[in-house]
Amino acid sequence: SIIMRNIRRADYVWAVSASSATVLRQYGYKGDIKVMPNGTDMPVISAEEGAALARDFEKEWGISPNERIFMYSGRVVTVKNIAFSFEVVAELKRRGFACKFIVAGGGDDLEYHKKLAAKLGLQNEVIFTGFMSDRNMLRACYCRADLLLFPSLFDTFGLVVQEAAACRTPSFVPENSCSAEMIEDGKTGYISPLNVSVWADRIEEIFSPQNAAARL
């Protein structure tokens, strides 16, 4: 009621995604809504510049060129569903699929996620960078990552998906999420139901030798 009382005072209403506009309708708003996606300050990068930044990130964080790297970027809070990505990485580890998962960000639940990573036996797989104030280093992180894992159903847009795309890195997001609106599955990123085994299966498929030529 508080949200709607404030929104009804507005002369003009924007929503950052079609899904968030739908939620607003469900709240009872009957006026006009303009869907206006967010933009990013991260410029589109060339393959050559991206490779150079990726090497910078490897040097900074002690990562070898042949390691498979997945990442998350943003606030480290439980509503972002980062724990799901940990479970996917743990499942991949059980299957013998080697990878590391970079958590680029800080937040109120950082310590909780560090303990969770340890509980799942991912002390060597999960790297917590803390908040990255250096935007160029964050770009380097995106450039080095092979895939952004973003299983959040909380976000109304998913700006990090745009940032990753600007750095030539595809994202893996849940089916029916706001972030999925920006992705054409298998062409500009990946979309699957929010299930640990399904995501692990899809990742193994994406990075299988037979799919190397077609990989995004």
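Visitor: Is S179 buried or exposed?
Guide: S179 is buried in this predicted model. Its relative accessible area is 1%, and anything under 20% counts as buried.

Visitor: Where is the place of S179 in the chain?
Guide: S179 is in a loop, the one between β7 (171–174) and β8 (190–192).

Visitor: Which residues is S179 in contact with, leaving aside its neighbours within four places in sequence?
Guide: They are F150, F157, G158, V161 and V173.

Visitor: Which way do the residues of β3 point?
Guide: I69, M71 and S73 point one way, while F70 and Y72 point the other way. All of them are buried.

Visitor: OK. What does β3 pair with?
Guide: On the one hand there is strand β4 (residues 100–104), which runs parallel to β3 and is joined to it by 5 bridges. Y72 stands opposite V103 of β4.
Guide: To get from β3 to β4, the chain passes through helix α4 (residues 82–94), and this β-α-β crossover is right-handed.
Guide: β3 also pairs with strand β6 (residues 147–149), again in the parallel sense, over 2 bridges. Here F70 stands opposite L147.

Visitor: And the whole sheet, what is the order of its strands?
Guide: The order is β5-β4-β3-β6-β7-β8. That makes an open sheet of 6 strands with parallel pairing.

Visitor: Which strands stand at the edges?
Guide: β5 (126–130) and β8 do. Each has a single partner strand, so one side of each is left without a neighbour in the sheet.

Visitor: By how many degrees are neighbouring strands turned against each other?
Guide: On average by 25°, with direction ignored.

Visitor: Last topic, helices. Which strands does α4 lie across?
Guide: α4 lies across β3, β4, β5 and β6. The helix runs at about 165° to β4.

Visitor: And what does α6 lie across?
Guide: Helix α6, residues 135–144, lies across β3, β4 and β6. Its angle to β3 is about 140°.

Notes: Residues are numbered from 1 along each chain as its sequence is written. This is a predicted model: local features need pLDDT of at least 70, side-chain atom pairs count only at pLDDT 80 or more; totals for chains, interfaces and linings use all residues. Side-chain values use heavy atoms; hydrogens and water are left out. Helices (H or I, at least four residues) and strands (E, at least two) are DSSP runs, numbered from the N terminus. Buried means under 20% relative accessible area, exposed over 50%, partly exposed in between (1.4 Å probe, protein chains only). Contact means heavy atoms within 4.5 Å. Two strands pair if DSSP finds at least two bridges between them. A crossover is right-handed if, with the strands pointing away from the viewer, the path from the first strand over the helix to the second runs clockwise. Axes are lines fitted to C-alpha atoms, for helices over the stretch in contact, and angles run from 0 to 180 degrees between N-to-C directions.
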